[in-house]
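Let's read this one together, one feature at a time. Have the viewer open as we talk.

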Amino acid sequence: MIKVRVPGTTSNLGSGFDCLGLALTIYGEFGFEETESGLCFSGVDPQYQNEDNLAIASYRKVKEEAGFGRKYGLKLSIKSDIPISRGLGSSGSLIVAGAVAANISCGNALSPEELLDIAAGIEGHPDNVAPALLGGFTVALKDEGRFFARRCLIDERLKFCALVPDFEVSTRKAREALPSAVPFSDAVFNLSRAAMMVPAMASGDLKLIALAMRDTLHQKYRAPLIHQFEQVRSACLASGAAAVFISGSGPTVMCIYENDSFPCTMESELSAMHDRWQAIALKPDMHGATVLEE
Ligand code: HSE
């Protein structure tokens with residue numbers, strides 16, 4: 001059996017739509033075992049027990065790209081703390097797990113760059129799979145059909161609090177909420193801030209991070225999909241959050257904070273909302289996908 005641990009991620013970080021991402025200390029463990037034929041699952045919801053399962057699809061894709069056929073069955077077991085469809089990179093974690101495990105099974109035939117390219121191709125955008133694979137804070141882009149990513153410095157002491165509601169928002173719906181064109185001034189607003197995020201994250205300067213996170217490209221269009229978003233955001237800021245942003249395509253609301261009591265305070269603040277919100281304290285994960293057993 002090949003066992004891989006993959007971190008959850010937060011992406012966009014406000015201004016860096018589809019390009020900035022960060023691995024976080026919340027994990028899934030994925031076991032893969034090749035069998036004679038068929039599929040077998042453990043710890044997987046019945047609706048995902050098929051060939052469309054992203055971990056299975058990426059496992060097969062990597063083996064095919066490495067020149068191995070499809071004539072094998074697979075047993076997939078999952079134990080994951082990454083909430084599903086909440087904007088914390090659960091689908092990216094499945095894709096990266098399948099890609100890394102398949103590459104191990106064929107003697108690391110593919111390079112990390114090729115794995116990233118395949119994984120991001122399956123997800124459609126690179127900002128979750130890049131940090132899930134590489135760990136840390138990443139910048140990624142797509143050029144002429146190929147994906148590229150690099151790790152950047154981050155102050156590892158930064159503290160993140162994921163506020164995770166008990167409702168889902170699908171990435172497809174969240175992308176449909178976006179306009180097909182934006183004013184030139186909005187594009188300039190974001191690109192200057194996304195660029196500033198690189199030195200801001202390296203320095204850990206919370207004021208600079210908050211400035212760099214401001215966004216005009218996506219969050220205002222997606223906010224209506226997140227129940228009581230404005231109240232949640234105001235409660236975060238009133239409780240001392242240094243910065244607040246929608247994690248990936250939502251609905252998780254992510255805060256950067258200083259005071260250790262912040263997650264506890266938020267959980268009690270949000271207990272008055274219509275939906276149930278859970279506060280999870282997280283740090284940057286610096287390891288990315290890790291092979292536990294091979
Ligand atoms: N950058 C993507 C989005 C992340 O915001 O739609 C979703 O996984």
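**Domains and a ligand**

Q: Into which domains is the protein chain divided?
A: Domain bounds come from an automatic or database domain assignment. Here the chain splits into domain 1 (2-153 + 285-293) and domain 2 (159-282). Their contact (heavy atoms within 4.5 Å) takes 26 residues from domain 1 and 36 residues from domain 2. This is a predicted model: local features need pLDDT of at least 70, side-chain atom pairs count only at pLDDT 80 or more, and totals for chains, interfaces and linings use all residues. Residues are numbered from 1 along each chain as its sequence is written, and side-chain values use heavy atoms, with hydrogens and water left out.

Q: Which residues surround the ligand?
A: A residue is near a molecule if one of its heavy atoms lies within 4 Å of it. Around this ligand you will find, among them, Phe 17, His 125, Asp 127 and Thr 171. Domain 1 and domain 2 each supply at least three residues of the shell.

Q: Which side chains have N or O atoms by the ligand?
A: A polar contact is a pair of N or O atoms within 3.5 Å. Asn 12 places a side-chain N or O atom 2.8 Å from a ligand oxygen, and for Asp 18 the distance to a ligand nitrogen is 2.5 Å. Arg 222 has a polar side-chain atom 2.7 Å from an oxygen of the ligand.

Key. A polar contact is a pair of N or O atoms within 3.5 Å; within protein, one must be able to donate a hydrogen and the other to accept it, and residues adjacent in sequence count only if both atoms are side-chain atoms.
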